Amino acid sequence: MTEQRKDILDMLAAGKITAEEAEQLIAALERDQASAVPGHDTRPKGKVKYLRVVVDATDNGEPSRVNVRVPLQLLRAGVRLAALVPPQALVKANASLSDSGVPIDLTQLKPEQLEALVEHLDDVTVEVDSPDATVRVFCE
């Protein structure tokens with residue numbers, strides 16, 4: 001436990017702050033600690049098993065977090081199943097993805113490319129439209 005976290009818990013125990021305030025302070029502390037270590041590697045060494053998407057946001061002044069963990073086996077199966085999708089549907093899907101700012105050509109996606117992507121995917125922070133939210137995508 002860090003000294004700052006201990007101080008927050010001490011203030012909570014002494015009644016100087018509410019539980020909600022303590023939660024907000026700890027969440028802010030965790031965000032600050034994650035950004036204070038640039039390029040920190042959250043991936044364990046060895047074969048990765050999950051793609052994780054973490055969204056930290058503030059909604060009406062309240063911190064919120066979405067944490068999604070997708071098994072890479074599911075993604076691999078999806079890539080293999082993409083071969084069964086009719087070419088016309090892939091063209092429409094590519095157009096929709098491109099319009100959304102995701103320049104991926106699904107007709108060219110092969111299982112070995114997915115493995116290369118997973119191999120090189122480091123912890124990435126993406127800024128979204130709201131200044132009160134961050135999105136992290138990484139493998140674990």
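1. Buried means under 20% relative accessible area, exposed over 50%, and partly exposed in between, with a 1.4 Å probe and protein chains only. The model is predicted, so local features need pLDDT of at least 70 and side-chain atom pairs count only at pLDDT 80 or more, while totals for chains, interfaces and linings use all residues. Residues are numbered from 1 along each chain as its sequence is written, and side-chain values use heavy atoms, with hydrogens and water left out.

2. On confidence, the protein chain averages a pLDDT (the predictor's confidence in each residue, from 0 to 100) of 76, and 78% of the residues score at least 70. Where pLDDT is low, the predicted coordinates should not be read in detail.

3. In helix H3 (residues 72-81), the buried residues are Leu-72, Arg-76 and Val-79. Because they cover an arc of only 60° around the axis (taken from the directions from the helix axis to the C-beta atoms), they lie on the same side of H3. The face turned away from that buried side carries the exposed residues Gln-73, Leu-74 and Leu-81.

4. Asp-56, in strand S1 (residues 50-59), counts as buried because its relative accessibility is 13%. Its side chain makes a polar contact, at 2.8 Å, with the side chain of Arg-65; such a contact is a pair of N or O atoms within 3.5 Å, where within protein one must be able to donate a hydrogen and the other to accept it, and residues adjacent in sequence count only if both atoms are side-chain atoms.

How values were computed. Helix = DSSP H or I, 4+ residues; strand = E, 2+ residues; numbered from the N terminus.
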